[in-house]
Amino acid sequence: MTPVLEVKNLSTHFMTRRGALKAVDDVSFTVGQREIVGLVGESGSGKSITGFSILGLVDPPGRVVNGQILFNGDDLLKMSPAAMRTIRGKRIAMIFQDPMMTLNPVLSVGTQMIETVQAHDRVSRAEARQRSRDALGLVGIPSPEERLDSYPHQFSGGMRQRVAIAIALLHRPDLIIADEPTTALDVTIQSQILFEIKRLAGEFGMALIWISHDLGVVAALADRIMVMYAGRIVEAGRVDGVLTEPRHPYTSGLLSAVPAAVPRGEPLRPIPGFAPSPLSRPSGCAFRDRCARATDICATEPMLEIAAGREFRCFHPHLWSAA
Amino acid sequence: MTNMLAETMPLVEALNVSRRFSRKLDYAEKIANLFGAGLEEKTVHAVDDVNLAVYPGEVVGLVGESGCGKSTLGRVMAGIMPASGGEVCWKGQPLTSLQGEDKRAMRLSAQMIFQDPMSTLNPRKRVIDLIGEAPKVHGIVKGREMRDYVAALAERVGLDPSYLDRYPHQFSGGQRQRIGIARALAVKPKLLVCDESVAALDVSIQAQILNLFMDLRQEFGLTYLFISHDLGVVKHICDRVVVMYLGRVVESATPDELFDNPKHPYTQALIRELPSVADRRRVFTPIKGEIPSPLHPPPGCHFHPRCPKAFDRCRVERPVLKENAAGHVSACHLNDLAVHQTTNATAEPAI
């Protein structure tokens, strides 16, 4: 089965007065059909810019400088803006962290949804309204018919995020890119959204890229996980493998920094130091200044190693016995 | 430990504290009322009749979802916002009765650390003044010695003292939070009220800051009221966890007791929904419904519209906090049923 999305050697740089800021640096990955992929990393690691690059949403001074983004075999980077518009919102949809920023505050939810339907399909307004209402019902919004006439501020945070998901679902896309969609929500509401997303992705056979800084959320949701650090994917693989037997020291560092990793009351084990500034990344492995396993060889670029469905960039990976 | 603490005087205690926010009627509405429109002031009961004692040396965690009143309660207990009902006592003295020097001393002894340091640090001031101004004004340190004093503090919280002449925007989020901590420590406080102080930080930086909090506790004999929505963080560092829902305390216990044996259905749901790396559940069993608006809280138990175990009594009568076990209280009508059942169960074998 061909993958929905194949990203090859993607580099997105921001041209600043102090030089090129390599937000995304030589990133390659694939997303299979019906697959849920979690993209995790700390702030500034380039995970959101990876998502924006796929949809062609990177604004100047940012620019995709290299790579291929194959969506169902077609290179999105070679497409004309007009062709891209037929894909964006129809075949690939995006959900953002803060729906208050993405919904228009002066238009009713129904108007915005009908607009979205009619942007891609030549249907009557009545039919578009019908489809919008069905989508709202699908994501668990009570009395969808009345809610179509409500404005975004009349919804709570969790409900607004449901509206954003409903809009993403309107055209039954092949791929949804969700950028920290539950970060701003409360625990019980986050749980409701995760429940709905998992159900809907399964029901419609959609692939999903879930961008998050929360390993716990990704652990519960994703099939596969990719860990980004300083613009690169440093480790990728099945969720179970990566989280139980991490190969890259950064992944293991992230996992042992959470409070649950140490007995109550004992000091936590943070990764020492700070993430390097994207303008002045060290050569070679960007993590080596913070890494306990680093040696001289880490000053050269670690190649991507692929073994048993796992990928990692490290000269000194953790070894786990087969048993 | 609880017994020992119970004998000492609480450092700060909230006694039936309520905090209401209301919007006064404007002229048009008042005129409309003259014609019998019957408009009323809109009142939010952010904190509704809460009792909470924090003992010296304790770390109390206050958890709940957004809008549950945990921040408001924290502010009221830190003395930066007056209570609209009830009394906050500092070492047994009502805050409202404190005058002059005592009041000033109390104000300095309770300091707050906020979520977003960028909005609490004056962007036009250098770090040295941000940290050093308060101790200088309050006569804790002489102007001449301020730089050394601030440098020592900065070093203690993990800031490079050579950065003292920089401005807040030149620091990362974690470093800014360290500036906020140094500023609070500069006036030698007894109580730190941390309002979501680590919520905006990445996991690794969060661990660094939490470790710093725990070290400072040892070193300066601090007491913490730690407000957070993150049960994982609260479980790790607190001696006691207080769960709030819509302005009321619904449960309070030690972290081990709370996580092993949660009594209130809301606490149970919170713990169940906590995403964890270790527990890769494929099924979510979310509790239904939205958090109700605090403008119109439901009658009876505030949680009853979402509670899977609600029965008739929950809809009319407000449950009171009852002790389930030593140091474990919860406000749920199921407690009465459970007591009923257990007394029956224990009574039968005796006969």
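This is a predicted model: local features need pLDDT of at least 70, side-chain atom pairs count only at pLDDT 80 or more; totals for chains, interfaces and linings use all residues.
**View 1. The contact between chain B and chain A.** Chain B contributes 31 residues to this contact, and chain A contributes 36 residues. On the side of chain B that touches chain A, at least two residues each come from helix H9 (203-220), helix H10 (231-237) and helix H12 (265-273) of chain B, and H9(B), with seven residues, gives the most. By residue class, this side of chain B consists of 15 nonpolar, nine polar and seven charged residues.

**View 2. Helix H1 of chain A and the residue after it.** Helix H1 of chain A, which spans residues 47-55, is mostly covered, with seven of its nine residues buried. These buried residues are A:Lys47, A:Ser48, A:Ile49, A:Thr50, A:Gly51, A:Ser53 and A:Ile54. After H1(A) comes A:Gly56, which has a positive phi, near 65°.

**View 3. The open sheet of chain B.** Eight strands of chain B make up an open sheet with mixed pairing, and their order across the sheet is S6-S7-S8-S3-S9-S10-S12-S11. Strand S6 (110-113) and strand S11 (322-325) of chain B are the edge strands, each of which pairs on one side only. On average, and with direction ignored, neighbouring strands of this sheet are turned by 25° against each other.

**View 4. The pairing of strands S3 and S8 in chain B.** Strands of a sheet pair through backbone hydrogen bonds, in either a parallel or an antiparallel manner. In chain B, strand S3 (residues 59-63) and strand S8 (residues 223-228) run parallel and are joined by five bridges. Within this pair, B:Val59 is found opposite B:Tyr224 of S8(B).

Methods
Residues are numbered from 1 along each chain as its sequence is written. Chains are lettered from A and ligands numbered from 1 in the order in which they are written. Two residues are in contact if their C-beta atoms, placed from the backbone, lie within 7 Å. Helices (H or I, at least four residues) and strands (E, at least two) are DSSP runs, numbered from the N terminus. Ala, Val, Leu, Ile, Met, Phe, Trp, Tyr, Cys and Pro count as nonpolar, Asp, Glu, Lys and Arg as charged, and the others, Gly among them, as polar. A residue is buried if 20 or more other C-beta atoms lie within 10 Å of its own, exposed if 12 or fewer, and partly exposed in between; C-beta atoms are placed from the backbone. Two strands pair if DSSP finds at least two bridges between them. Axes are lines fitted to C-alpha atoms, for helices over the stretch in contact, and angles run from 0 to 180 degrees between N-to-C directions.
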